[in-house]
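User: I have a structure open and want to learn how to read its features. Could you walk me through it?

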Amino acid sequence: MLNSEEEELIIHGRSEYEKGNVEGTLSAFDGIDLHAAVQELQPLAEKQPSKKGRPSNESVHSSSQQAASLVLEALYLKAKSLQKLGRVTEAADECKSVLDAVEKIFYHGIADVLVDNKLQEIVSGAVELLPELWKLDGRNHEAMSAYRRALLSQWNLDNDCCARIQKGFASFLLYSGVEVGPPSLAVQIDGSYVPRNNLEEAILLLMILMRKFYLGKTKWDPSVIEHLTFALSLCSQTSVLAKQLEEIMPGVFNRVNRWKAMALCYNGAGQNKVALNLLRKSLHKHEKPDDLTSLLLAAKICSEDALLAAEGVGYAQRAILHAQGLNEHLKGVGLCMLGLCLGKLAKVSSSDHERSRLQTDALKSLDEAIVLEPNNFDLIFELGVQYAERWNLNAALRYAKQFIDATGGSILKGWRLLALILSAQQRFSEAEVVTDAALDETAKWEQGPLLRMKAKLKISQSIPMGAIETYRYLLALVQAQRKSFGPLRNLPQIEDDKVNEFEVWHGLAKLYSRLSHWKDAEICLGKAKELNEYSAETLHTEGIIGEAQGDMNKALAAFINALLLEPSHVPSKILIGGVLSKMGSKVSPVARCLLSDALKIEPTNRMAWYYLGLVHRDDGRISDAIDCFQAASMLEESDPIESFCSIF
Amino acid sequence: MDTTLDSPSTPETTTNLEPTIIATSRDDLESLKKSQTAIETLSSILPSPLPPSLSSSKNPAFSLLHDSQVSSQISTFLRQPNSGAGDNHLCRWLYDTFQSSDTNLQLVVLRFLPIIAGVYLSRVALHKPLAGFEAVLLALYAHETTSRNGQSITVNIPDLSHSSIYHETTKSTTKNCSTELNLAVISASLEPHGTVRSTRRARIVGVALELYFSKISQMPVGSKIDFCEFCVVWAGQNGDMYKDGPDEPSEVSNDGSGGGSGDGGNGGDDGKSERKEEGRIPLPWELLQPILRILGHCLMGPNKDNELHEAAWGACRSLYARSLHDVNPKAILATGSLLRLVKMAMESNDDFDPTELSKENVLTQ
C-alpha cells in the first residue's frame, strides 16, 4: 500500500501536471516506485465473491480501490508527461503498464457501483493513447496489437471514445502499409465474420462507424465516409459504396454532393441508368446545374447510348460553357464529349442531310478538342474511329498510328483499329502483319479478338485453310480458358477479355458455307446454336446455306425469323431483298422497301446498294440502277473486315 | 452491468525489424557476404567512391538502403538518357542484387522502383532501349508471382447483417452461410511472363508496385518522394487549382507561380509543365490502383514527414485532375476523397485531446 508520503507526492505530481509543468510531475513521481505499488495492489479483486452480489466489505474494497485509482492515475500522468516531452517510447511503456495493471487488478471485473468516473477516465484515456504512442514511436506491430486490444477487450468505453479508436485503427489499416494479419484465434467467435486482411478489417470498422452514425450513437464525422470511399473505390466496389452513401441520414451530407458521389459510384459499377438519373437530379436548375464533373459524367454516359445522345449534347455544351477560369483545363474534355455525343446522334438520325451535318459537327468538336488535349489518349482513339466511320481512312490511319505510338502499343483496341483501317483500305497483308504484331504483344488470354480478325483477314485474302487453322487455334484457346477460369467465371472483372465461343463456331460456319462445305457448316452452326439458340446471326447464316443449296423457302424462313428476333438486322434485310428481287416484279416493291430500309440504317452497305440496283434494273429504272451500282462499286473498296464499332 | 476486464490475448505475429544483424548463424554470415559483394560491385559501377562505412557496417544492406548519398548517385544514373538499355551495368546490378534472394538486399532494389518504373513508363513512347529496366521489372513481377503462387488477391466486402468480431447483430443466430459476401478481386491472378509484352506492361509494373506497397513501411522517405514526383509526370496534368479540395477549384497564389491556367500550353509555366506533358502515360486501373494505394500511405500514413506530405499532396491533385480528364469515376472518387481528407486535416485546428484527463481539481486549488 502507498504510504501517506507517496500519496502526497502523487497529488503534488498531479497538480504540477495540471499547471503544465510536466517535468515537475516526472520528478515528483520519481520518488515513488509505481511498479512496486502496482504489484502490491494485485490481490485486490480476487476476494470479490461474485460480480453481482453486493459485497459486505464494501468499504475495504473501496478504500483499496481508491489507492489503486491513485497509482493508476500516477502511471497515466507519467505517460502523458513523457509524451509531452517527446519521450514516446517511455511514454508507451508507462501507458501499457496502466492497462496491464488494470487487467491484473480487476481481473474479475468491477461492480458498477465501484467504478468511479476518474478510474474509467484513466482507463479510457490509456486505451486510446497507447496505439497513438506506438505509432509515434514507429512501432507498427505494437500499435496494431494495442488497437486490437482496445477494441476486442471490454474496457467499458463510451461510444465517442470507441468510435475514435475504430476510426484510428481503420485509418492505420488503410494507410500504414503494414499488413497486420488476421486477428488471433482467441477472439474469433464461431460463425462471425473475421477479416483476413487490412482492407477487409478497415472496411468493416468504417461500416460499423457508418452504422453508429445513422443509429445516432455517435456524432457524424465526415472523414469516415471519405476513408470508406477511398477503401471501396480501391476494391472497385463502388456499388457497395453507393449503398453506404444512401444510408446516410439527411442533413449531414450535402444532398447534391451525395447524388454526385452516388452517380460516380453507379457509373463505376456499370449501372449507368441509375447514375444518369441521379445526375439529372443534381444538375437540375434548382440544384447545381453548373457542376462540371457532373456535366462531364452525364455527357459521357449519354455518349454511349444513341437514344440519350441528344441529351448528352446538352450536357456537353453546358460543360464547355462553364469550363472557364480555373476550370478552363476541362474545356477540351467537354468538346470531346460533345463530339462523341454528336457522333452517336448521327447514327440514329432519320435523314441523310442531318446525319452528314451531325457527323461534320462531331469531327469539328473532336478536332477542336485535340488542340486543347493533345495528349489525351482516348481522344486520339476516338478521332481515329470517327474518321474511319466517315471513310476518311487516311486521317483515321494517322490517328490509329499516333494512338499506338503514344500508348506504346499497350492498349489492345489501338492495334485492332489499325488492322481494321488497313483492311478497309484492302491492305490485307499489312493488316495481318499488324495483327501478328499485336498477337506478339498480347498474353494468350486476350488474343481471342485478334485471332478472330486474323481468321477473317485470311478469308479476305482467299486463304481459307489458314483461316480454318486460326479458328481451330481459337477454339483450343476458348476451351483452355474455360478450364482455367472455371471457378471464378462469375466475377465480372474477369469476364472482359474472354473469347466468345459462340462467335468462333459461327465464324467457322460462315467460312465453311463460303467454301460450300455444307455438312461442316451445319455442324458448326449446330454448335453455335447450342450456345445461343435465338440469334439473328445464326439464322442469317442458316438462310445463306439454304439459299446456296437452292432451298429458297428455307432461306426466306430463316431470314424472316432473324428479322423477327432483331428487327434492325441489316444483313437479313438485304438478303430477303436479294431473294425477293429474283422472284419477279410482283414482289419487287417489297424488296425495294426492305433494301431502302437497310440503307437507312447502314448507308454504306454495298450489298444493299447492289441489290437495290438489281431491283431498279429489273423494274426498268435504268438511271436509278446506274446510281446504285455506282455507289456499290465505290463502296466495294472500303469495307473493313469487322465494323469499326466492334472494337468497343 | 459489470465491467469485466478479460485477459489480453492478442499474440499477433510481430516481425522483428531490428536493423542490425548479429552474425551468429551461417545464414547471417552468408547474407553479410552477399551484401558486401553487392556493395563492391556497386562501387565499380558508380563514378565516385562509396563511403567506407558501408562495407564495415554491421548490416550493410540496411545502411545501403538508407544512405542518401549513394541513393542520389544511383538515382542520377537511373535518370540518364540511356540508362535502361540491356547492357547497362546498373540495371544489371539491380537485377543481380534482387535475384540474390536476400530480403534486405531486395529492399535496396525496391527502393529504386519508383525511379525505374517512372523513367521506364515515361520513355516507352520514345522508342528508347529499355531492356535493362524490363529485366528488373520482370524479376520483381516473377518474385511476386512465385510468392503468391499466381493466385489473385481478393477481399470479402463485409456485410453488417452478419455479426463480426467487432459487432453483433440482433438478428437470430441461425446464420445463413449461403448469403454470399461481395467478393472483390483487388489483384487478378498472375501469369508468368518472360518478356514485357506491351499490353501487359501496365500489369507488370502494377504488380511490381504492389510488391513495393507491401514493403513500403521499410522504404526510406526519399524513395516515396521520388514516387510522388513521378505520379505528377504520369498524370501529365496540373492540379494546383484543387489545393482547396476537389469540390471547388480555387486560385492559390503560391510564390507567384499560381497554377490556375490549366495544363501547359499557355506558356507561363517556365517549361516545367511541358516536361510533365511528355511523360503522360495511360493509367489503366491495374496500374492506377496500386499507385493510389501507395499514395494513400504517403499522404495519410502514420509517420508524418512534411516534404513527403507536400509531394504526395501534389501527386494526388495531379491525379485528381487527370481522372477528371479521363472521366474515370473510380479514380475521381478515390483521389477526391484523399483531397477532402487532407483539407479536413488542415482545417481542424482544435487542440482537443481526448486522452487528457478532465481537470476537476483545478477549481479546488
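**Burial, helix packing and ring pairs**

Analyst: Start with Lys135(A), which counts as buried at 13% relative accessibility. Buried means under 20% relative accessible area, exposed over 50%, partly exposed in between (1.4 Å probe, protein chains only). This is a predicted model: local features need pLDDT of at least 70, side-chain atom pairs count only at pLDDT 80 or more, and totals for chains, interfaces and linings use all residues. Residues are numbered from 1 along each chain as its sequence is written, chains are lettered from A and ligands numbered from 1 in the order in which they are written, and side-chain values use heavy atoms, with hydrogens and water left out.

User: Where is Lys135(A) placed, and which residues is Lys135(A) in contact with, leaving aside neighbours within four places in sequence?

Analyst: Lys135(A) is in helix H6 (residues 117-136) of chain A. Helices are DSSP runs (H or I, at least four residues), numbered from the N terminus. Contact means heavy atoms within 4.5 Å. Beyond neighbours within four places in sequence, Lys135(A) is in contact with Ala143(A), Tyr147(A), Gly168(A), Phe172(A), Pro302(B) and Asn303(B).

User: How do I read helix packing?

Analyst: Two packed helices are described by the angle between their axes and the distance between the axes. Axes are lines fitted to C-alpha atoms, for helices over the stretch in contact, and angles run from 0 to 180 degrees between N-to-C directions. Take H7 (residues 113-123) and H10 (residues 221-235), both of chain B: they pack at about 15 degrees, axes 8 Å apart. H7(B) is therefore roughly parallel to H10(B). The cut-offs: under 35 degrees is roughly parallel, over 145 roughly antiparallel, 65 to 115 roughly perpendicular, the rest oblique.

User: Which residues of H7(B) and H10(B) make the contact?

Analyst: Among them are Ile115(B) and Leu121(B) of H7(B), with Phe227(B) and Phe230(B) of H10(B).

User: And aromatic pairs: how many does the structure hold?

Analyst: Rings of Phe, Tyr and Trp (its six-membered ring) pair if their centres lie within 6.5 Å; planes under 30 degrees apart count as stacked, over 60 as edge-to-face and the rest as tilted. The structure holds 14 such pairs over all chains. Phe381(A) and Phe403(A) have ring centres 5.2 Å apart and planes at 55 degrees, so this pair is tilted. Phe381(A) is buried at 1% relative accessible area, and Phe403(A) is buried at 2%. Tyr212(B) and Phe227(B) are stacked, 6.4 Å centre to centre with 25 degrees between the planes. Ring pairs link Tyr212(B), Phe227(B), Phe230(B) and Trp234(B) into a cluster.

Note on methods: Helices (H or I, at least four residues) and strands (E, at least two) are DSSP runs, numbered from the N terminus.
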